[in-house]
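Me: Please examine closely one part of this model, the interface between the two chains, and describe it in one connected account.

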Amino acid sequence: MKTSVFVIVFMLIFIWYLTFLATRLDRLHHRVETSWANLDGLLQRRAAVALEISRSEIADPASAMLLTAAAYQAREANIENRSVAESGLSGALGLLLADGQSSQRPAEVVLLRELSQLTDKVRIAIALHVDAVTRTHLVRRKLIVRIFRLAGTAPLPITYEFESDVL
Amino acid sequence: MLTRSLKIGIVCPYGWDTPGGVQNHVRDLAEFLIAAGHDVSVLAPVIDETSIPSYVVSAGKPIAIPYNGAVARVLFGPIAFARVRQWIAQGGFDILHLHEPAIPSISLLACWAAVGPMVGTFHAAAKRQKAIFAIGPILEPVIEKLSARIAVSEAARATLTEHLETDAVVIPNGIYADRYRDGVPKPQWQGNTLGFIGRFEEPRKGLSVLVDALPIISRFAPDVRVFVAGPGDQEEVIKSIDPQLRSRFTFLGKISEQDKANFLASISLYIAPNTGGESFGIILAEALAGGATVVASDIPAFESLLSHGEYGELFESESSTELAKRVIDLLRNDDRRIALGKAGKKHAQQFDWKVVADQIFSIYEMSLVSGEKVRLASENRAWSRFIGRDQRGDD
């Protein structure tokens, strides 16, 4: 009698723990989606600004070509290739801006300022996203999570290997 | 860009009416956000409920417990938890900003109780501690609910990575730089003068390091004088000073913000000999903003604030001879001293609330992408819906 009560209590606690873990995982997946949506939005805006820069007076024809190609690649890449494509765009922007082209025209100053503000935000967004993904991976690796398939059908979040030195 | 006004809930873990860096930070941030047109509610433990500003909601009286080598006034327990839940349920917040969610107080409770966009700011920088490693697994599932983490300094960030294996964005503490920008130099504080501001009785503020350095300094700069501002009992400190040098010390007591600005503009060097326990060093940022040339100990917080000596002179912490050497060098080299002060003043602008609050706000925006509001976590649980339990205090 006594042992059966014990077993029932244990089972109840165990079931509670499983639902707790499942909620936790659900929350983590949700966090990954949010941080990705945020990062994705910022990257799209960055690509748009890059295109605008490539058509402005800041870029010479050669760098304009390079930049346009990189920006299109970044926009069209699927999620697996995204970080490579975005690094390419970072590199292209870096090359162009490293030449120390300090533009005086107001329109271009505005563009460059927008780019640097975006870059700051992208940097933070990457950090947030990477953290969310690592956390999720850590929890999903737990034995108990794998045995009981607590992650369900949620796809494993993809690590985003963006270089930390965006520009 | 988000221009709509947000409903922001901020949780302060320490007693609102006790002095402290976190409380000051929360107060300044709340007031800045209110001035920017947002609807802000601050939940904090309060001792005297009659004298709190209208945006503060009391969560109860704080309990004094020893934590991390000091007495912390925190609040927890079932009643506090109920109040936290009630505050969240009734607030209808767009976002919660929790300060120090890793210490046992209401920030942690709020993090436990809520789901939705949440940002956490970590202030403390602590050494590696076994106790925290043991607590880690308990905190982990709670802390990971935060959609973004902010650390106030590289030191705080390192503490976080070490203890909880999670990364954070560094956003410094804010100061009102323009309050210190236009200090008027006062003749009584000018000359070969050294300044110190802070609760000088506390050993970690390091006034004794400066006291021990003075005999050497006065040998090379006979007219050197030291001004100490800040609350505290001076008798004890005066007793520890060499009788021949006592006349060089002047204790000013607590000074007003305006006087502080004038003070910083007048003195030759500002000395920050803190021996530890500092995570950011707000007073150092203020001294820089006031245009003072700074000589500070090389504790991690100061080292990163001064960019490894670029914006102020660093000396080996707790070494009076090193401090004396740096002070004498700078007193003899006016060009270098003035150049350092100018560079520091420029550097300090990045700690201004205008810049800092902007950075904090862009973190808010990033957390708000999901478009959800803050809710109680229990409403999400299947069984709560099943039983139809509703604990919200909808009255």
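Reply: In this predicted model, the side chains of A:R135 and B:E144 meet in a salt bridge, with an N to O distance of 3.8 Å. This pair lies within the 4 Å limit that applies to such a bridge. Across the interface of chain B and chain A, the rule finds 5 salt bridges. It also finds 9 residue pairs in polar contact across this interface, both residues of each pair being at pLDDT 80 or more.

On the side of chain B that touches chain A, the elements giving two or more residues are α4 (130-143), β9 (148-151) and α14 (353-367) of chain B. Of these, α14(B) supplies the largest share, 5 residues. Sorted by class, this side of chain B holds 12 nonpolar, 5 polar and 9 charged residues.

As to extent, chain B brings 26 residues to the contact and chain A brings 21 residues. The size of an interface is often expressed as the accessible area lost when the parts come together. Here chain B and chain A bury about 2,000 Å² between them, and 58% of that area is on carbon and sulfur atoms.

The model scores ipTM 0.75 and pTM 0.83. Chain B averages a pLDDT of 87, with 93% of the residues scoring at least 70. Over residues 389-395 of chain B, however, the pLDDT is below 50, and this stretch has 10 contacts in the model beyond near neighbours in sequence. Where pLDDT is low, predicted coordinates should not be read in detail.

Methods. Residues are numbered from 1 along each chain as its sequence is written. Chains are lettered from A and ligands numbered from 1 in the order in which they are written. Side-chain values use heavy atoms; hydrogens and water are left out. Contact means heavy atoms within 4.5 Å. Buried area is the accessible area (1.4 Å probe) that two parts lose on being put together, summed over both. A polar contact is a pair of N or O atoms within 3.5 Å; within protein, one must be able to donate a hydrogen and the other to accept it, and residues adjacent in sequence count only if both atoms are side-chain atoms. Helices (H or I, at least four residues) and strands (E, at least two) are DSSP runs, numbered from the N terminus. Ala, Val, Leu, Ile, Met, Phe, Trp, Tyr, Cys and Pro count as nonpolar, Asp, Glu, Lys and Arg as charged, and the others, Gly among them, as polar. pLDDT is the predictor's confidence in each residue, from 0 to 100.
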